[in-house]
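Here is a short report on side-chain pairing, core packing and strand pairing. Please read it with the model open.

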Amino acid sequence: MLSVSCNGTEPKESAKTDEYAVVSPDYTDIVFPYNIAPLNFTVRNEGDDFITRISGDNGDAIYISGRDVQINLKQWQSLVETNKNKELSYTIFAKRNGKWMELNSFTNHVSEDPIDEYGFVFPTP
């Protein structure tokens, strides 16, 4: 399947694959408090270049180029704040032999419960 994008921040054309994104640390399918620091990671899949899109139901998607995904703090805070109790989707595009491939996305759940100054999360009753 070929996907075509009008957005200049991700590949204009990419082929969908059955390959899963491999990231380190493994932040796939986790729940985290909305006020946590950005969950930066490194893409471990094969590829010459990478683009990562982090998006939710609300707010602007975040796009990061390269193997090392270092998320801008203000963009992260805005995205997770507007997606409390919702999912964030991570889509990674890998460039191989001059062609972009879209890897299978993974999701994380943003808890509406904050982390306190001691690093603990106490669920709201």
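Trp76 is buried, at 0% relative accessibility. Buried means under 20% relative accessible area, exposed over 50%, and partly exposed in between (1.4 Å probe, protein chains only). The model is predicted: local features need pLDDT of at least 70, side-chain atom pairs count only at pLDDT 80 or more, and totals for chains, interfaces and linings use all residues. Residues are numbered from 1 along each chain as its sequence is written, and side-chain values use heavy atoms, with hydrogens and water left out.

**Aromatic pairs**

The whole structure holds 4 aromatic pairs. Phe32 and Trp76 are stacked, because their ring centres lie 5.5 Å apart and their planes meet at 25 degrees. Rings of Phe, Tyr and Trp (its six-membered ring) pair if their centres lie within 6.5 Å; planes under 30 degrees apart count as stacked, over 60 as edge-to-face and the rest as tilted. Phe32 sits in strand S4 (residues 31-33) and Trp76 in helix H1 (residues 73-81), so the pair ties together parts 44 residues apart in sequence. Helices (H or I, at least four residues) and strands (E, at least two) are DSSP runs, numbered from the N terminus. Phe32 is also buried, at 3%. One aromatic cluster is formed by Phe41, Tyr90 and Phe106.

**The core**

Which residues touch the most other members of the largest nonpolar core? They are Phe32, Ile54, Trp76, Leu88, Tyr90 and Ile92, in a core of 23 residues. Such a core is a set of buried Ala, Val, Leu, Ile, Met, Phe, Trp, Tyr and Cys residues joined through side-chain atoms within 4.5 Å. S9 gives the largest share, 4 residues. Ile92 has contacts (heavy atoms within 4.5 Å) beyond its neighbours within four places in sequence; among them are Val23, Phe41, Phe50, Met101 and Phe106.

**Strand pairing**

The S6 and S9 strands run antiparallel, joined by 8 bridges; Phe50 has Ala94 in S9 as its bridge partner. S9 and S11 are antiparallel over 5 bridges, with Glu87 partnered by His109 in S11. S9 and S10 are antiparallel too, with 4 bridges. There, Lys95 is partnered by Trp100 in S10. Two strands pair if DSSP finds at least two bridges between them. S9 and S10 form a hairpin with 2 residues between them, and Asn97 in the turn has a positive phi of about 50 degrees.

**Salt bridges**

A search of the whole structure finds 4 salt bridges. The term means a side-chain nitrogen of Lys or Arg within 4 Å of a carboxyl oxygen of Asp or Glu. The table lists some of them.

| Pair | N to O distance |
|---|---|
| Glu102 and Lys16 | 3.9 Å |
| Glu19 and Arg96 | 2.8 Å |
| Glu81 and Lys84 | 3.1 Å |

Glu19 is partly exposed at 27%, and Arg96 is partly exposed at 22%. Glu102 is buried at 12%, whereas Lys16 is partly exposed at 35%. Glu81 is partly exposed at 41%, as is Lys84 at 30%. Lys84 also lies over the face of Tyr34, at 4.0 Å from the ring centre. A charge sits over a ring if NZ of Lys or CZ of Arg is within 6 Å of the ring centre and within 35 degrees of the ring normal.
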